[in-house]
Amino acid sequence: MQNPYAKTALTALGAVGAVGASAAIWGIGIERYLFTVREHEVRILPDGSTPVRLLHLADAHMAPWQHRKQRWMAALAENWQPDLVVNTGDNLGHEDGLRALRAALDPLRGIPGVFVHGSNDHAAPTPRNPLLYLTGPSKVKVAGEPLNTQALDGYLTDDLGWLNLNNAVGSLELPGMRIDAFGVSDAHRGWDELDILADLVEQLQADVAPATATLGVTHAPYRRVLDTFIDLGADLILGGHTHGGQVRIPGFGALVANCDIPLDQARGLSEWTHAGRTAPLNVSAGIGHSIYAPVRFACRPEVSLITLLPRL
């Protein structure tokens, strides 16, 4: 006589296996191609200011064979007509990624923009167990193959006309306003130089009249960086790096953020408060993923379109 408990256990295991297989098919074969634009509004401009459409790009992790991603990104300029671009790094996902990145970003040429680096703007990704991502922030044990960061920066600055904000400050002229911006290189690798940045911001603010708005730009949104950006007067903070958790649980959210930001702020628009001052914080879930972890689940690849509006 067949054991009914064994039959029930086998049925349950089969159901779990089917659900797992379906989730894998969805995350690997479908959702990672469901590129989307996440729209937000923030009111940080003075009364009477013209609205500004800010396109926030993050974590393209571009590889040469990712043609769907390239075509989708290339259409952003025409479809959304941004006034300003903020690129929060990890543009490259392969040693030949720059050629593909050009195809994706060339239509944004001439639109004012700024950028900072993630680690994958300096070194190619390396194979690793993707389950380790769930145990906490990643640690670099073996450096990937060096990428041509100089060529990347030359393209972003010389061809596209964007400002390099890696531990640097700058200003952008838009119709009827000036936007100041400051940023740091990848805080996940400890490349942020916050003391140097504070000196540069102080010098900039002493040399010019107050800007219409000030942006703080980082790849990895670590608390120390966000707190410093608040202290330095950022009206809006933008970051990436987290991939929004990359694999999220419906109804719960991100399981990990790959940095020390609270999990409920690992994706989307929220607020960051420090020392009695609050500023909007947008953490983009990003457009891509490591070529060694090609999956998205309940976390579509995205860019953010943030409309800056006058304060009420």
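Over the ring of which residue does the charged end of Arg224 sit? The ring is that of Tyr222, with the charged end 5.0 Å from its centre; a charge counts as sitting over a ring if NZ of Lys or CZ of Arg is within 6 Å of the ring centre and within 35 degrees of the ring normal. The charged end of Arg68 is placed over the ring of Tyr33, 3.6 Å from the centre.

The model is predicted, so local features need pLDDT of at least 70 and side-chain atom pairs pLDDT 80 or more, while totals for chains, interfaces and linings use all residues. Residues are numbered from 1 along each chain as its sequence is written, and side-chain values use heavy atoms, without hydrogens and water.

Aromatic rings of Phe, Tyr and Trp (its six-membered ring) pair if their centres lie within 6.5 Å; planes under 30 degrees apart are stacked, over 60 edge-to-face and the rest tilted. The count by this rule is two aromatic pairs. Phe35 and Trp72 are stacked, at 5.3 Å centre to centre and 25° between the planes. Phe35 is buried, with a relative accessible area of 15% (buried means under 20%, exposed over 50%, partly exposed in between; 1.4 Å probe, protein chains only).

The ring centres of Phe182 and Phe229 are 5.1 Å apart and the planes lie at 75°, so this pair is edge-to-face. Both residues are buried: Phe182 has 2% relative accessibility and Phe229 has 0%.

Thr228 is also buried, at 17% relative accessible area. The C-alpha atoms of Thr228 and Asp195 are separated by 9.3 Å, although the two residues are 33 residues apart along the chain.
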